[in-house]
Amino acid sequence: MGTVMQGSRILLIIGGGIAAYKSLTLIRDLKREGFRVVPVLTRAAEEFVTPLSVAALAGEDVHRYLFDLTREAQMGHIQLSRDADLVVVAPATADLMAKMAGGHANDLASTLLMATDKQVLIAPAMNVRMWNHPATQRNLALLRSDGIQRVGPEEGDMACGEFGPGRMAEPEHILAAIRLVLGRSRSAPLRLGPEVAARPLIGKHVVVTSGPTIEPIDPVRYISNHSSGAQGTAIAEALRDLGAKVSFVTGPATVPPPDGVEVIRVQTADEMRAAVEAALPADAAVMAAAVADWKVANRTEHKMKKDKGGMPVLEFAENPDILAWVSQLKARRPKLVVGFAAETDDVIANATAKRLRKRVDWIVANDVSTGTGTFGGADNTVSLILDSGVESWPRLGKAEVARRLANRIAEAL
Ligand code: CTP
């Protein structure tokens, strides 16, 4: 098991605003998720949070001064800004945004922002009138055209007693935006606009299973199936793009797992069930894996040999039905459980029965009979079976099926 994001290094610039206290929660959350956080405080930020508390939570030295001789000798501010995988400014005050837009470099924070070759994500926080001020909006437009990513601000009651946009995004939303930006930077060139906060699944956690499972016969042989993992991978990507935190539990698929999600690799159905359980709680679960229905009950610890004579006889035991298991959980049941049904005959009738039998909310039914080319192919012709009826979708690329499904999940959550 391992995560793609683990060890990513975030250079976190904390600006001087009342929202700086939320950055402490952000540091804690980032650390819990396995990120490294290198904190930088502006002079004004020190009025709101102490360097000591920031250093203690981050488990790293706090960087505060541009002209710190020892540090300049050891690594220098250029190095500091380059070593990061992502630069996050939270809170980004009106002043910091103005400095960024104007290209100033008169303190450590602004110098790092000028010197970095990495993506920058800002989480603005200020009084609503300051946010709406033409100067801030002008700076925002400049930052957008410079390719700066943004999360928030959110709307609500503010510390100053006014109401409107200006509150810094909640730490969990910033975390989701970080995941999104990091995931993107490694795969396709950045396509999304700066309105990261508009992603409807930010703050939601979805578990996705994908790929085949393999069931050992002996240490060198196994039973498996033709699943490529293409549809499950596309679903995980689509959910990620809508801002979800995705735990991607995958058997040995031929399609590589997506960037920007937590990848948990498993082999057998038993391991997959355990990994799904460990990933809970979740807001939704999408079970796209082709789980082997049976495992070999008389698997041997030593390689079976031909010279023993006779033919081996395999005995089977039933694997756990992960979809049925997760659907029938009580307190830990995700709000929405989605399963797949690969059928060759009476697709709708069989899938509808499967939905009721396993107590699943939605079933994505597909026709996998020979000639459809679904297995390992680029397209999929599916019907979505819901409580309220059946929706038949046209033949679509797997990525488009995934996008439609992710949008439906976002609506449901
Ligand atoms: N599934 C699962 N665990 C299993 C078997 C299936 O989670 N041990 C999930 C798949 O990920 C998919 C759905 O159940 O979402 C597909 O079920 P399927 O294998 O088609 O149905 P079965 O109940 O095994 O019925 P049959 O094979 O007889 O059609």
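1. R359 is partly exposed, because 14 other C-beta atoms lie within 10 Å; on this scale a residue is buried with 20 or more other C-beta atoms within 10 Å of its own, exposed with 12 or fewer, and partly exposed in between, the C-beta atoms being placed from the backbone. The phi of R359 is near 60°, a positive value in a residue other than glycine. R359 belongs to the loop between α13 and β17 (362-367); helices (H or I, at least four residues) and strands (E, at least two) are DSSP runs, numbered from the N terminus.

2. The model is a predicted one, in which local features need pLDDT of at least 70, side-chain atom pairs count only at pLDDT 80 or more, and totals for chains, interfaces and linings use all residues. Residue numbers start from 1 along each chain as its sequence is written.

3. D346 also has a positive phi, about 40°, although it is not a glycine. The loop between β16 (336-343) and α13 (347-358) holds D346. This residue counts as exposed, with 10 C-beta neighbours inside 10 Å.

4. Two cis peptide bonds deserve a check. One runs from G152 to P153, with omega near 5°, and P153 sits in the loop between β5 (149-150) and β6 (154-157). Another joins L280 and P281, with omega about 5°; P281 is in the loop between α11 (269-279) and β13 (284-287).

5. The largest nonpolar core has 112 residues, among which I235 and L239 touch the most other members. Helix α9 (residues 171-186) gives the most to this core, namely eight residues. The core lies between domain 1 (9-198) and domain 2 (205-412), because both give residues to it. Here a nonpolar core is a set of buried Ala, Val, Leu, Ile, Met, Phe, Trp, Tyr and Cys residues joined through C-beta atoms within 7 Å, and the domain bounds come from an automatic or database domain assignment.

6. Leaving aside neighbours within four places in sequence, I235 is in contact (C-beta atoms, placed from the backbone, within 7 Å) with V208, V286, A288, A402, L405 and A406.

7. The ligand is surrounded by 17 residues, the closest being M287, V291, I322, L323 and G339; a residue is near a molecule if its C-beta atom, placed from the backbone, lies within 6 Å of it. β16 provides the largest share of this shell, four residues, and α12 (322-327) and β16 each supply at least two. By class, the shell has 11 nonpolar, three polar and three charged residues, where Ala, Val, Leu, Ile, Met, Phe, Trp, Tyr, Cys and Pro count as nonpolar, Asp, Glu, Lys and Arg as charged, and the others, Gly among them, as polar.

Note on methods
Two residues are in contact if their C-beta atoms, placed from the backbone, lie within 7 Å.
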